[in-house]
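Here's a quick tour of the inside of this protein and one of its helices. Keep the model open as you read.

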Amino acid sequence: MTDTTNDAPETGITPGGTTGPFRDVLSRDHARRGKPPLHFADMTPSQRAERAKELGMPAFRAKQLANHYYAHFDTDAAEFTDLPAAVRADAAAAFFPELIHEVTRQVADAGTTVKTLWRLFDGSLIESVLMRYPSRTTLCISSQVGCGMGCPFCATGKLGLTRNMSAGEILEQVRAAARMMCDGEVAGGPGRLSNIVFMGMGEPMGNYNSVISAVRQICALPPEGFGISARNITVSTVGVVPGIRRLAAEGLPVRLAVSLHAPSDELRDELVPMNQRFDTTQVLDAAHDYWLASKRRVSIEYALMRGINDQAEHARLLAKRLNHYGDNWAHVNPIPLNPIEGSKWTASKPEDEARFLDILHAAGITATMRDTRGQDIDGACGQLAAKERG
Ligand code: SF4
């Protein structure tokens, strides 16, 4: 496990985003907010053993705690009957400070979609969405408070970046969802959390160390992690090329999703400001290299916006750019945009969506319209948090 406590950026500014043509867009209340309390999930095994020793506990107690946390999704140390009663309160305070506190829970799709708004130690708000399907249950999680990428059509982008989340804060979303599934709190009865997507608030590559520490703890087998297969984890990015290359070098078979949203630099410069730093050629080259290294097909996310990027010429150019690399290496997910109220960016017409998909298919590109679960509960990323703040 990586120790993320020392080298995480203190200001939350995205590494690499402080120089060059692109700078992170910071939120009004961006400031040094102190670090989240250190949590069991933030500690290396030796830090855990050390802390146990400080509490007068033998080192093997840390392994018992790991079993409670990763195998049973428990953090209530007061209830850990395999610990001596005298140390339970100390263990709770030392290892399991409350990092995320539920503010609201919204349910949709006949109880199979659950969106939770969480408050963090400094009052920051983030969200996660649990989506149950017949054959899998997917949790979409946040990795930053807000997002500094500044995409003009996105509710989270409007908030700007407040700060990076710690590995513990990221993982607590996973543990809480795994617990909800285990306890049968989602329609369909008790079940297992099977898939994780880093597609909630934030740019995961902007918080690389915490994200990769979280990924490793999600896929390690209990008692080192939650035991969710790395193949069922998706890490998304708006195109932070050094992050894509670093992830490829980790050798983990996680899926990469690239939010492209436009097939040309001219258009993407407007829709995704990060394109001014890493252009479409650099992003697609890195994504294709990821496919070569991981043999996992890359997801290309493409939010369809009426009259902006959803015309036949856009679909044709997208197909051409992907086919340039050959070998059926990408899977395009056009997403109907869930628009921000009052913005000029709005959802495509159904006939334009259908034509877009048809053109890709005719060019031999694998493409499926992405499911828009949770639309009736403010499903676009960041909208719920924006509302609570406003
Ligand atoms: S679309 Fe994604 S990268 Fe762009 S501002 Fe929104 S959350 Fe950030």
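**Ground rules**

Two residues count as in contact if their C-beta atoms, placed from the backbone, lie within 7 Å. This is a predicted model, where local features need pLDDT of at least 70, side-chain atom pairs count only at pLDDT 80 or more, and totals for chains, interfaces and linings use all residues. Residues are numbered from 1 along each chain as its sequence is written.

**The core**

Start with Ala177: leaving aside neighbours within four places in sequence, Ala177 touches Ser128, Leu130, Leu139 and Leu193. Ala177 is also among the residues with the most contacts inside the largest nonpolar core, which has 105 residues. Such a core is a set of buried Ala, Val, Leu, Ile, Met, Phe, Trp, Tyr and Cys residues joined through C-beta atoms within 7 Å. Buried means 20 or more other C-beta atoms within 10 Å of a residue's own; exposed means 12 or fewer, and partly exposed is in between.

Helix H5 (residues 167-182) gives the most to this core, 9 residues. Helices (H or I, at least four residues) and strands (E, at least two) are DSSP runs, numbered from the N terminus.

**Helix H11**

What's buried in H11? Phe356, Ile359 and Leu360 are. They sit on the same side of H11 because they cover an arc of only 100° around the axis, going by the directions from the helix axis to the C-beta atoms. On the other side, Pro350, Glu351, Ala354 and Ala362 are exposed.

The buried residues of H11 pack against strands E10 (298-304), E11 (330-336) and E12 (366-367), plus helix H10 (312-323). After H11 comes Gly364, with a positive phi near 85°.
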